[in-house]
Amino acid sequence: MSPEEREQRIRAIAERLAERLAEQWPEAGSDINDLEDFAERLGREVQREITDEALTEDAARQDGSQSACPCGGTANYQRHHALTLVTAAGRCRVRRPYYYCRRCSRGHCPADTRLRLGPANTTPRAQARIAVLAALEPYVQVADLCVQLGLPLELDVKSTEQVAQAVGHCLGSVALRPHGPATRPVAVGFDGVMLRTWEGKKEARVGVVYEPDWEAGRTPADEARLHKEYFATTGSRESLVAAVCRRARERAGAGVVAVVCDGAALDWVDLEAYLPHRVEILDFYHVLERVGQLAQALHPEAPVAAAAWQAEQKQALLAGGPASLLRCLRAWEPASEAAQALRREQLAYFTRQQGRMRYPDFLRWGFPVGSGAVEGACKHVVSDRCRRSGMRWKLPTADPLLRLRAALLTQPRLDFRQFAVSRSAPPAVPAA
């Protein structure tokens, strides 16, 4: 297209826009809904018109009479083929130059790769918007969400899933680093939540890296100050721990990292290899649950006394660590066999964990003593989207969606266009 032709197209669009403004401009005193409907409708029409003009021109561009074929041969231009694209402005019909290779007897359209068309012939911006919506809500609800939000995206459920899966898969090869070196102590946590899959129940493993801030409130701005980074996978625990610890080391520099977990024996395995400069912290509220069991066993017929003993031990843990609790357990001589078994179990447990219960030191160093961050991560990354009623997953399709949600929670305003995918090999076009 020559510069003169392009100028004529631009002028024609501007003239049509001026005509529509003159014809449809709301009358004085119009309802606010009418005003907003007019502005939104006109904006969509202009966006659609410009998109159609620009894409039609770009797709039709022919760079020579030959093109390199994916098979390694040379393809010759035959004609232009039509294709309907799914763009952020709606569907757009274009014609692209088609080349045929005699070596492999297949044809292709190089414009498809140049336009970065993904599944269902979606453009990068369309892919990004569909992926975000699919990360938030079930695939079957995305079409209705588009209508409610005024997004002219038209995809069936299967295509929606394919787009979300493709973007999530692309995210798996990228390490997001939204935050620089930490300005406060760095903490990490690991946990898991069970998913229903077609192969049975499977644990989705979740990790979080963050900077505790005791003064942070509950607003989105305050939450952002914690600089949380989320990780999730249905793969091996080792891969998750390695990724989380690597990111924690990057952010902490030479500083010590706090590992806060709820006490499962597996939580502490292999940490030396991945995080040599660390302090291990047993979740304080997990400890309080065990202390509550002991209180009921110590005072089975006196709930008030049991509550008072539990409160006393809570304050002692925060003020002096586990010493007082261990003294009480060693001095306790229960009468019943059940209470004796409970004493043996809890005494062995707290003796083994006492190095992870130095709560006065942890608090003084600015570390968290609760695992709420990773428990919240399990809910926000996995449960809110993947554990809804009736949902059952295939493992290959669960991981890309978990990556989408982890990325979206880590960077709520992340531009997902950079993870849009183009078909690695242009699909063959029939030679007929």
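## Helix 13 and its cover

What covers the buried residues of helix 13? The cover includes strand 9 (278-282), helix 10 (284-298) and helix 12 (323-331). The model described here is predicted.

Helix 13 runs over residues 337-353. With 17 residues at 1.5 Å a residue, helix 13 should span 24 Å. Its end C-alpha atoms are 24 Å apart, which agrees. Eight names make up its buried set: Ala-339, Leu-342, Arg-343, Gln-346, Leu-347, Tyr-349, Phe-350 and Gln-353. Viewed down the axis of helix 13, these buried residues fall within an arc of 165°, so they line one face of the helix. The other side of helix 13 has exposed residues: Glu-337, Arg-344 and Arg-352.

## Helix 4 against helix 16

Two packed helices are described by the angle between their axes and the distance between the axes. Helix 4 covers residues 124-136, and helix 16 covers residues 395-410. They pack at an angle of about 95°. Their axes are 9 Å apart. Angles of 65 to 115 degrees count as roughly perpendicular, and helix 4 and helix 16 are therefore roughly perpendicular to each other.

Which residues of helix 4 and helix 16 meet? Helix 4 brings Ala-131, Val-132, Ala-134, Ala-135 and Leu-136. Helix 16 brings Leu-401, Leu-404, Arg-405 and Leu-408. The residues of this contact divide into eight nonpolar, no polar and one charged. Arg counts as charged, and Arg-405 is among the contact residues of helix 16.

## Arg-246 in helix 8

Arg-246 sits in helix 8, which spans residues 237-252. Arg-246 is partly exposed, and its relative accessible area is 40%.

How many residues apart along the chain are Arg-246 and Leu-275? They are 29 residues apart. The C-alpha atoms of Arg-246 and Leu-275 are separated by 7.8 Å.

## Two loop residues with positive phi

Ala-120 is not a glycine, yet its phi is positive, near 60°. Where does Ala-120 lie? Ala-120 is in the loop between helix 3 (110-114) and helix 4. Ala-120 is partly exposed, with a relative accessible area of 27%.

Asp-270 is not a glycine either, and its phi is positive at about 70°. Asp-270 belongs to the loop between strand 8 (257-261) and helix 9 (271-274). Its relative accessible area is 37%, and Asp-270 is partly exposed.

Notes:
Residues are numbered from 1 along each chain as its sequence is written. This is a predicted model: local features need pLDDT of at least 70, side-chain atom pairs count only at pLDDT 80 or more; totals for chains, interfaces and linings use all residues. Side-chain values use heavy atoms; hydrogens and water are left out. Helices (H or I, at least four residues) and strands (E, at least two) are DSSP runs, numbered from the N terminus. The expected span of a helix is 1.5 Å times one less than its number of residues. Buried means under 20% relative accessible area, exposed over 50%, partly exposed in between (1.4 Å probe, protein chains only). The arc is that of the directions from the helix axis to the C-beta atoms. Contact means heavy atoms within 4.5 Å. Axes are lines fitted to C-alpha atoms, for helices over the stretch in contact, and angles run from 0 to 180 degrees between N-to-C directions. Angles under 35 degrees count as roughly parallel, over 145 as roughly antiparallel, 65 to 115 as roughly perpendicular and the rest as oblique.
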